[in-house]
Amino acid sequence: MNNRLFLKEKLQASLEKIQTNSDGPVTNLQLEETLAAELEQLTTELESVNPNLYPLLHATALLDGVWQLQYSTAREIRSLASLPLGLKVGKVFQVIDVANKSFFNIANVKHPLGLISGYVKVTASFEPAKEDISPPAHKRINVYFDKRYLAIEKIVGINTPQLNPFKVVPANNPRDRIPTLDITYLDETLRIGRGGDGSLFILNKSNELPDFTSSI
C-alpha cells in the first residue's frame, strides 16, 4: 500500500471512531483538543500527497455529484449543534453541478422524538478564483451564496407540503470579502477543503440523495 492510501485509510478510520449516534457531521468542538489536533495533522499529511494538484483544470469530473460532510471546523457547521426546540441536525450534503457552476448545501433536521422533521438548504454559485500567484494553483473557488430555504416536511408523522419550504430568504454574503474555498485534496471518494478563514471540511462521495431535496 502506498503512503497516500495508508494516510487516507488512517484518516477515515479516525473519522469513523468519532462518529456519534447522530447522522450529522462531527465538529472540532465535540472533540478533545488532542484528538482534534491529531485529525488536523492527519489531514495535513494527506493534503501533502494530493493526487489532483490542479482540480479546477484536470479533475472537474471528480467534483461533480453528491458529497456528504463528515467533519468540519467551520463556524456555520458548529452552529448546527445548538438548534432550538431540541432539534438535531442529521446528514449534511453538498451537491455540485460543475457544468452550471452551482451547488447547494442541504442539512436534514429532526426532533429526536419524531415530532418534527425538515431541512435547511442554501444555494450558491461559484467560479474559479483569479489568483495573484504565478503559476495559479487552480484549486481556489469564489463562492456566491444565493438563497436559504427552511422547510418542515412532517409534523408528528404527517406530511406538511404547505411548509415545504415555509421560508425562502436571500443568503448572507460577507460585505467586505468574497468567500473562497481551496480544494486541497480530491480523489474519487474523498474531498478536503479549506475555507478562506482556515476552516476545514472533509467530505465523502455519496450515492445517496435524500428524498427531501426533490420537492425544490
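1. Helices (H or I, at least four residues) and strands (E, at least two) are DSSP runs, numbered from the N terminus. With that in hand, helix 1 (residues 3-17) has 15 residues and covers 21 Å from its first C-alpha to its last, close to the 21 Å expected at 1.5 Å a residue.

2. Some housekeeping. This is a predicted model, where local features need pLDDT of at least 70 and side-chain atom pairs count only at pLDDT 80 or more, while totals for chains, interfaces and linings use all residues. Residues are numbered from 1 along each chain as its sequence is written, and side-chain values use heavy atoms, with hydrogens and water left out.

3. Back to helix 1. Its buried residues are L7, K8, L11, S14 and L15 (buried means under 20% relative accessible area, exposed over 50%, partly exposed in between, with a 1.4 Å probe and protein chains only). Looking down the axis of helix 1, these buried residues fall within an arc of 130°, so they line one face of the helix; the arc is that of the directions from the helix axis to the C-beta atoms. An α-helix has 3.6 residues a turn, so residues three or four places apart point the same way. E16 and K17 are exposed and sit on the face of helix 1 turned away from its buried side.

4. What does the buried side of helix 1 pack against? Its buried residues pack against helix 2 (33-47), strand 2, strand 9, strand 10 (190-195) and strand 11 (200-206). Contact here means heavy atoms within 4.5 Å. At the start of helix 1, a side-chain oxygen of N2 comes to within 3.2 Å of the backbone nitrogen of R4; a polar contact is a pair of N or O atoms within 3.5 Å, where within protein one must be able to donate a hydrogen and the other to accept it, and residues adjacent in sequence count only if both atoms are side-chain atoms.

5. On to the strands, with strand 6 (residues 140-155) as the one to follow. Two strands pair if DSSP finds at least two bridges between them. Strand 6 pairs with strand 5 (residues 116-128) in the antiparallel sense over 12 bridges, and E127 has N142 in strand 6 as its bridge partner. Strand 6 also runs antiparallel to strand 9 (residues 180-186), joined by 3 bridges, with R140 partnered by D182 in strand 9.

6. Strand 7 (residues 158-159) pairs with strand 6 in the antiparallel sense over 2 bridges, where the partner of K154 is N159.

7. Look at the turn of that last pair: strand 6 and strand 7 form a hairpin with 2 residues between them, and V156 in the turn has a positive phi of about 45°. V156 is exposed, with a relative accessible area of 54%. K101, in the loop between strand 3 and strand 4, also has a positive phi, about 50°, although it is not a glycine. K101 is partly exposed, at 43% relative accessible area.

8. P165 is in the loop between strand 7 and strand 8. Most residues other than glycine have a negative phi, and most peptide bonds are trans.

9. Now the interior. A nonpolar core is a set of buried Ala, Val, Leu, Ile, Met, Phe, Trp, Tyr and Cys residues joined through side-chain atoms within 4.5 Å. The largest has 24 residues, and those with the most contacts inside it are L186 and F201. Among the elements that each supply at least two residues of this core are helix 4 (60-63), strand 3 (88-97) and strand 4 (102-110). A second, separate core of 16 residues includes L31, Y71, Y185 and L200.

10. L186 touches N50, P51, N52, P55, A59, L62, L63, W67 and R191. S206, in strand 11, is buried at 14% relative accessible area and is in contact with V66, W67, Q68 and F93. V66 lies in strand 2 (residues 65-72) and is buried too, at 13%.

Key
Expected span 1.5 Å × (residues − 1).
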